[in-house]
Amino acid sequence: MLDVSIVLPTRNNEHHIGRLLDSIFSQDFSNRIEVVMLDSSNDHTPQIASRLCGDHDLQLIRVEPGDYNYGATRNLGASKASNEILVLLST
């Protein structure tokens with residue numbers, strides 16, 4: 001089976017990131033899931049994600065708000081992903 005990398009750009013999503021990650025990790029999927037999170041938050045989004053990822057791989061990449069760009073940020077995340085399947089999500 002193929003493993004999955006999820007690229008997830010975030011910015012100040014502390015009220016939604018938990019529900020999104022819970023939904024991802026509750027799927028009936030036995031393969032390895034890696035989350036590549038590109039974050040430009042000034043709230044608790046990265047801390048919440050770190051706590052909820054638990055046993056799953058998490059790459060937390062800081063993107064300064066002035067450098068956050070819809071396409072370029074996702075391309076950066078895709079370049080950091082290591083699994084066979086790439087999923088792009090947004091919050």
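1. Contact here means heavy atoms within 4.5 Å. The model under discussion is predicted. On that basis, and leaving aside residues up to four places away in sequence, Ile-17 touches Leu-8, Thr-10, Thr-45, Ile-48, Ala-49 and Thr-91.

2. Ile-17 belongs to helix α1, which spans residues 17-25. The buried residues of this helix are Ile-17, Gly-18, Leu-21, Ile-24 and Phe-25. Viewed along the axis of α1, they fall within an arc of 130° and therefore line one face of the helix. The cover over these buried residues includes β1 (4-10), β2 (33-39) and α2 (45-53).

3. The largest nonpolar core holds 13 residues, and those touching the most other members are Ile-17, Leu-21, Ile-24, Phe-25, Ile-33 and Val-35. Two or more residues are given to this core by each of β1, α1, β2 and α2. Helix α1 supplies the largest share, four residues. There is also a second, separate core of five residues, among them Val-7, Val-36, Leu-38 and Ile-61.

4. As to charged pairs, the count of salt bridges comes to four. In one of them, the side chains of Arg-32 and Asp-3 meet at 3.7 Å, N to O. This pair links distant parts of the chain: Arg-32 sits in the loop between α1 and β2, Asp-3 in the segment before β1, and the two are 29 residues apart. Arg-32 is partly exposed, its relative accessible area being 35%.

5. A further salt bridge joins Asp-39 and Arg-62, with 3.9 Å between the closest N and O atoms. Asp-39 lies in strand β2 and Arg-62 in strand β3 (residues 57-62), so this pair ties together parts that are 23 residues apart in sequence. Asp-39 is buried, with a relative accessible area of 3%, whereas Arg-62 is partly exposed at 44%. The cut-off that places Asp-39 in the buried class is under 20% relative accessible area.

6. Arg-62 also forms a salt bridge with Glu-64, where the closest N and O atoms are 3.5 Å apart. Glu-64 is partly exposed, with a relative accessible area of 44%.

Conventions. Residues are numbered from 1 along each chain as its sequence is written. This is a predicted model: local features need pLDDT of at least 70, side-chain atom pairs count only at pLDDT 80 or more; totals for chains, interfaces and linings use all residues. Side-chain values use heavy atoms; hydrogens and water are left out. Buried means under 20% relative accessible area, exposed over 50%, partly exposed in between (1.4 Å probe, protein chains only). The arc is that of the directions from the helix axis to the C-beta atoms. A nonpolar core is a set of buried Ala, Val, Leu, Ile, Met, Phe, Trp, Tyr and Cys residues joined through side-chain atoms within 4.5 Å.
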